[in-house]
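Hello,

Here is the structure I promised to hand over.

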Amino acid sequence: METLSKPQRVRMVASTVCKIPLLLLLLYFFVCSLDILSSAFQLAGGRVAGDIFQKNAILSNPVAGLVVGILVTVLVQSSSTSTSIIVSLVSSGLLDVRSAIPIIMGSNIGTSVTNTIVALMQAGEREEFERAFAGATVHDCFNWLSVLVLLPLEAVSGLLRRLSQAVVDTLQLSSGDEAPELLKVITEPLTKMIIQLDHSVITAIATGDQSMRNKSLVKKWCQTTTLKDNDTSWGTHNLSEQTQKCRHLFVDCSLSDLAIGLILLACSLLVLCSCLIILVKLLNSLLKGQVANAINNVVNTDFPYPFTWLAGYLAILVGAGMTFLVQSSSVFTSAITPLIGIGVISIERAYPLTLGSNLGTTTTATLAALASPGDKLAAATQVALCHFFFNLLGILLWYPIPATRLPIRMACALGNRTARYRWFAVLYLLLCFLLLPSLIFGLSMAGWKVMTGIGVPVITVIISVATVNILQVKRPDCLPLKLQNWDFLPGWMTSLQPLDDVITRVTLWSRLVLQER
């Protein structure tokens, strides 16, 4: 800056000032596209989600309930929607709290798919992609590890159910105002012009209301106006209700819900990708040099000794507060993913921010539950509290002691692997959020004997391989000579390189075929 002439400095300052409003505008469209993306998934898969929830015999199996929570939340792209369906089922008596808890755990896992998809948009730069993917998957790793510990514990002891019941019994609950929707005040003017959904249709299908099965999720009539005519001579009030037709692009559309959902899905992904690419470029141009160093020092710095540990807990509070303000953990974690990618936020700082985001979204759900009618208040509040205690216990398991912060190490390993083999990111998404849950669901439906017969040997092999890997690094002398490395195994069992070679050859062959045509 000091070496530039005065006109050049003026142009640089003017350019920076102009970039800030553009940055805010892109962020606005980015958040709106996430909202439309959620609506698109609900249109495409909401009816299927409702049908899945209707099969209550399946949901009594905790493993099946967990998988249903994952799949339904991935389908509707909103843990709030899946949680609201669970609350409706519990309050109507169609599902008990014991069966609802595994589904809540599954919805916690399913909601983390959004920021993982956002991380894929930074695949162009290898180092950025490594950091962004690690920052996104730290959320996945935390949720999976928490489920692996707390689901068996809940099945054996009913810990979350008892804790939430004790709190509900202690509190003098009364219906309150609706939870504040601070972000929607800003985004709804745009998103409501594009699409509006009737969320009660999914809930009605889940609760077995056959009259709603053929009803479209696209809202046609959405505003009720109460008109008051005062008659001062008689002291009476005449009330009348007037329903107005919604004003959005698809209100008079004859297309099916699936077709509308696919159109919105394609458009929202296009806007999401475009906004994210331009956002990253703008952030890179703004946050460089001394500015980047200053922000990096503020965000990633620790307090002086002996209060070093306080910085992480402050980040948890910031994550919880910001998520409470925007009312969506997906929006918050997706917004910080590009910042992790360009190196402004470190993975060590992103981890407590993500944990705080998990807590923040449950606080919003609790406030929403407190706004329920009196007959549904206790059940709704207990389900919301189960969600809160699940995340709180997860934080107590995987954060206070540095040695237990396994999600950071796991996410960094995934980031390293994805940076080397970029196709691994897509494989990871398919495996973690679709194929693996579907396989577990199928095994759980086959019965406990089949699941135990297949699951126990697989888990035993995984634990054994993990133990040998640790010993190979820490204490190789404790192992037999043959097990001190994996050289005796075929290459495809120890490395992704053979598969990468196959994918590269297929990709090149496909390009040649397309060029010839």
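**Aromatic pairs and a serine**

Both Phe 133 and Tyr 428 are buried. Please keep in mind that this is a predicted model.

The two residues form an aromatic pair. Their ring centres lie 5.6 Å apart with the planes at 75°, so the pair is edge-to-face. Phe 133 belongs to helix H7 (residues 126-157) and Tyr 428 to helix H18 (residues 423-445), so the pair ties together parts that are 295 residues apart in sequence. Phe 133 and Tyr 428 also share one aromatic cluster with Phe 129 and Phe 433.

The whole structure holds 10 aromatic pairs. Another of them is Trp 309 with Tyr 313. Here the centres are 5.9 Å apart and the planes stand at 75°, so this pair is edge-to-face. Tyr 313 has a relative accessible area of 29%, so it counts as partly exposed.

Arg 405 places its charged end over the ring of Tyr 399, 4.1 Å from the centre.

Now the serine. Ser 107 sits in helix H5 (residues 97-110). Its relative accessible area is 0%, so Ser 107 is buried. What does the side chain of Ser 107 reach? It reaches the backbone oxygen of Ile 104, at 2.7 Å. Leaving out residues up to four places away in sequence, Ser 107 touches Gly 69, Ile 70, Thr 73, Ser 79, Ser 82 and Thr 83.

Best regards

Terms used
Residues are numbered from 1 along each chain as its sequence is written. This is a predicted model: local features need pLDDT of at least 70, side-chain atom pairs count only at pLDDT 80 or more; totals for chains, interfaces and linings use all residues. Side-chain values use heavy atoms; hydrogens and water are left out. Rings of Phe, Tyr and Trp (its six-membered ring) pair if their centres lie within 6.5 Å; planes under 30 degrees apart count as stacked, over 60 as edge-to-face and the rest as tilted. Helices (H or I, at least four residues) and strands (E, at least two) are DSSP runs, numbered from the N terminus. Buried means under 20% relative accessible area, exposed over 50%, partly exposed in between (1.4 Å probe, protein chains only). A charge sits over a ring if NZ of Lys or CZ of Arg is within 6 Å of the ring centre and within 35 degrees of the ring normal. A polar contact is a pair of N or O atoms within 3.5 Å; within protein, one must be able to donate a hydrogen and the other to accept it, and residues adjacent in sequence count only if both atoms are side-chain atoms. Contact means heavy atoms within 4.5 Å.
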